Amino acid sequence: MNELEAVILGLVQGLTEFLPVSSSGHLEIGRTLLGVDAPEDMVFDVVVHAATVLSTIVVFRKEIWKLLKGFFRFKNNDEMDYVLKIGISMIPVFVVGVFFKDPLTSFFKEGGIMLVGGALILTAVLLFFSDLASRPKYQERLARKAPARNGISWWQAFVIGVGQAIAVIPGLSRSGTTISTGLICGVRREVMAQFSFLMVLIPILGEAFLEVVGGEIASSSIGLVPLALGFLSAFVSGLLACKVMIALVKRARLSWFALYCLMAAILIFIFA
């Protein structure tokens, strides 16, 4: 991978991380179109994902600071409740990362671009049903049956976490899966817009930290300069995409993204 390819793939990651179209799937598509061989390690993917997490921290810096201040008061306040629910949502992806990382990585490499196409279809289905589930009457009925502090209950947080764990599949959008899962469970759009983006911070930053500590970045087949350029490209484009997606989740119909994912999958099956 040369410097220009790293910048392009970083842009792809940054622009698609927050849109419900699967950044990992589009990275695979981008590699295929550019003729870049997938490296033996996952360092580039981890680095550009960490870049978009950093852009999330920048966008939500006020909210994160408020949560941290409230949490470290160690009282039963709204901030403590919210942070603990984020912790609950991370349990499934932690289990997958610790016990199933190596077999899943091998499986994804073998599946290649065709696996991405199949997962994009599943993303489209989830997005379509989430639009149906986000209708005001359905949301109000669920809210009356099970009112929850901070707009999200403990069981909803865990189920959304299961969605995030399943979304490790390339082509299955993490933001699309978590947002769709939340909406189907009855969480309001404005609540999911923030929760979906904040719940991914610790898992991705933790993985990036392990890559640094374990020496994988230094020993990666990709040079440090392409990694740095990919990081910068993903960070800058991620800032824009994060703000856009927050507005879209609150107002726009996600079924338009479902149509895009379906069309992308069809093109993969035709030309791959």
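The following questions and answers concern a predicted model of one protein chain.

Student: How many helices and how many strands does the protein chain have?
Tutor: From the N terminus on, the elements run α-α-α-α-α-α-α-α-α-α-α-α-α. The count for the protein chain is 13 helices and 0 strands.

Student: Among contacts between residues at least 6 apart in sequence, what percentage join residues at least 24 apart?
Tutor: The protein chain has 272 residues, of which 50% count as buried. For contacts between residues at least 6 apart, the share that joins residues at least 24 apart is 82%.

Student: What span does helix α2 reach from its first C-alpha to its last?
Tutor: Helix α2 covers residues 23-34, which is 12 residues. At 1.5 Å a residue the expected value is 16 Å, and the helix comes close to that. Its buried residues include S23, G25, L27 and I29. From first C-alpha to last, α2 reaches 16 Å.

Student: How are α4 and α5 oriented to each other?
Tutor: Helix α4 spans residues 61-71 and helix α5 residues 78-99; their axes come within 7 Å and cross at roughly 105°. Angles of 65 to 115 degrees count as roughly perpendicular. Therefore α4 is, relative to α5, roughly perpendicular.

Student: Which residues of α5 meet α4, and how many residues of the contact are nonpolar?
Tutor: From α4 come K66, L67, G70 and F71, and these meet E79, M80, Y82, V83 and L84 in α5. By class, the contact of α4 with α5 has 1 polar and 2 charged residues, and the nonpolar ones number 6.

Student: What is the handedness of the crossing, and which residues of α10 make the contact?
Tutor: The crossing of α9 past α10 is right-handed. On the α9 side the contact is made by R174, S175, T178, I179, G182 and L183. By class, the contact has 4 nonpolar, 4 polar and 2 charged residues. The α10 residues are R189, M192, S196 and F197.

Student: Is I160 buried or exposed?
Tutor: I160 is found in helix α8. Beyond four places in sequence, its contacts include I152, V187, M192, F195 and M199. The cut-off for buried is under 20% relative accessible area. I160 has 0%, so it is buried.

Student: What is the C-alpha to C-alpha distance between I160 and I86?
Tutor: In sequence, I160 and I86 are 74 residues apart. In space, the C-alpha to C-alpha distance is 9.8 Å.

Student: Which residues does T181 contact, leaving aside neighbours within four places?
Tutor: T181 lies in helix α9. At 13% relative accessibility, T181 counts as buried. Its contacts are V159, I160 and G163.

Student: What is the relative accessible area of Q164?
Tutor: Q164 sits in helix α8, residues 154-166. Not counting residues up to four places away, Q164 touches S89, V93, R174, T178, M199 and V200. Q164 is buried, and its relative accessible area is 4%.

Note on methods: Residues numbered from 1 in each chain as written. Predicted model: local features only at pLDDT ≥ 70, side-chain atom pairs only at ≥ 80, totals over all residues. Heavy atoms only, no water. Helix = DSSP H or I, 4+ residues; strand = E, 2+ residues; numbered from the N terminus. Buried < 20%, exposed > 50% of the residue type's maximum accessible area, 1.4 Å probe, protein only. Contact = heavy atoms within 4.5 Å. Expected span 1.5 Å × (residues − 1). Left-handed = near helix turned anticlockwise from the far one by under 90°. Nonpolar A, V, L, I, M, F, W, Y, C, P; charged D, E, K, R; others polar. Axes fitted to C-alpha atoms, helices over the stretch in contact; angles between N-to-C directions. Parallel < 35°, antiparallel > 145°, perpendicular 65-115°, else oblique.
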